[in-house]
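Please report on how this chain is built. Cover its core, its surface and its strands.

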Amino acid sequence: MAPGNYTFYLKVENQGVFSEPVSYSFTIAAPFYVRWWFIVISIIIFLGIVFMVYRWQLNIQRKKSQQINELNASKLTAIQSQMNPHFIFNSLNSIQDLILKGDVEHSYSYITTFSNLVRRTLSYSEKDFIDFDQEIKLLELYLSLEKLRFKKELNYTIDIKNVEDIMLPPLLIQPFIENSLIHGLLHKEGKRI
């Protein structure tokens with residue numbers, strides 16, 4: 001029977017004689033799983049489980065993101081640490097070449113520009129990010145050194161269009177320029193642009 005209040009009426013018959021009706025009232029209670037308090041508790045428990053699963057997944061995503069960021073930072077540091085000694089070695093070879101040829105004027109200019117570039121490189125390597133303008137000034141120093149090394153057969157332009165308020169990891173662009181010079185223009189005859 002469905003939950004609710006009921007009254008049971010009973011009359012007894014004995015050889016055609018009926019007794020007075022007797023009534024019995026009773027209530028059938030609803031099962032606990034359809035009562036309001038059980039529904040409220042079930043909803044609260046469900047929402048609690050959903051919230052805990054969401055927090056757990058969010059925590060996993062944060063850890064993955066942090067690991068990826070740490071991996072990328074270590075890769076960038078490794079690239080920078082490999083690039084810096086390589087560039088310094090090439091620059092010192094160029095200075096040595098100028099000195100051996102007796103080109104005092106260019107060797108002095110080269111050493112001054114080189115020291116300025118090394119100072120900036122060391123200063124920027126301690127930072128996670130530098131302003132885009134600082135990166136461009138560093139590139140201009142680097143390219144002026146390379147121009148001396150290529151004996152003015154290298155011409156370059158840096159075209160910046162509406163670049164403002166951008167921060168980037170230091171020495172991010174320089175390895176690309178260095179690779180294009182070494183692998184693309186170094187063995188080319190004549191003007192190098």
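Buried means under 20% relative accessible area, exposed over 50%, and partly exposed in between, with a 1.4 Å probe and protein chains only as cover. At 36% relative accessibility, Ser-125 counts as partly exposed. Ser-125 is found in helix H2; helices (H or I, at least four residues) and strands (E, at least two) are DSSP runs numbered from the N terminus.

This is a predicted model, in which local features need pLDDT of at least 70 and side-chain atom pairs count only at pLDDT 80 or more, while totals for chains, interfaces and linings use all residues. Residues are numbered from 1 along each chain as its sequence is written, and side-chain values use heavy atoms, with hydrogens and water left out.

**Core**

The largest nonpolar core has 18 residues. Such a core is a set of buried Ala, Val, Leu, Ile, Met, Phe, Trp, Tyr and Cys residues joined through side-chain atoms within 4.5 Å. Among the residues with the most contacts inside this core are Tyr-110, Leu-117, Leu-138 and Tyr-142. Two or more core residues come from each of helix H1 (36-100), helix H2 (104-125), helix H3 (132-149) and helix H4 (174-185). H3 gives the most, with six residues.

What does Leu-138 touch, not counting residues up to four places away in sequence? Its partners are Leu-117, Arg-120, Thr-121, Tyr-124 and Leu-171. Contact here means heavy atoms within 4.5 Å.

**Surface**

A nonpolar surface patch of about 1300 Å² includes Phe-32, Trp-36, Trp-37, Ile-44, Ile-49 and Trp-56. Patches are made of residues with over 30% relative accessible area and no salt bridge; like charges are joined within 9 Å, and nonpolar side chains (Val, Leu, Ile, Met, Phe, Trp, Tyr) within 5 Å. Accessible areas come from the Shrake-Rupley method with a 1.4 Å probe; for residues, only the protein chains shown count as cover. Ile-44 lies in helix H1. In soluble globular proteins, nonpolar side chains tend to be buried together. Ile-44, however, counts as exposed because its relative accessibility is 56%.

How many salt bridges does a search of the whole structure find? The search finds one. A salt bridge is a side-chain nitrogen of Lys or Arg within 4 Å of a carboxyl oxygen of Asp or Glu. Here the side chains of Asp-159 and Lys-161 meet at 3.7 Å, N to O.

| Residue | Relative accessibility |
|---|---|
| Asp-159 | 59% |
| Lys-161 | 62% |
| Lys-101 | 54% |
| Gln-15 | 79% |

**Strands and loops**

Strand S1 (residues 4-10) and S4 pair in the antiparallel sense over seven bridges. Two strands pair if DSSP finds at least two bridges between them. Asn-5 has Thr-27 as its bridge partner in S4. Strand S4 (residues 22-28) is hardly covered, and the count of buried residues among its seven residues is zero.

Gln-15 lies in the loop between strand S2 (13-14) and strand S3 (17-18). Gln-15 has a positive phi of about 50° although it is not a glycine. Most residues other than glycine have a negative phi.

**Distances**

Lys-101 is found in the loop between H1 and H2. The C-alpha atoms of Lys-101 and Glu-126 are separated by 36 Å, at 25 residues apart along the chain. For Ser-125 and Ile-49, 76 residues apart along the chain, the C-alpha separation is 47 Å.
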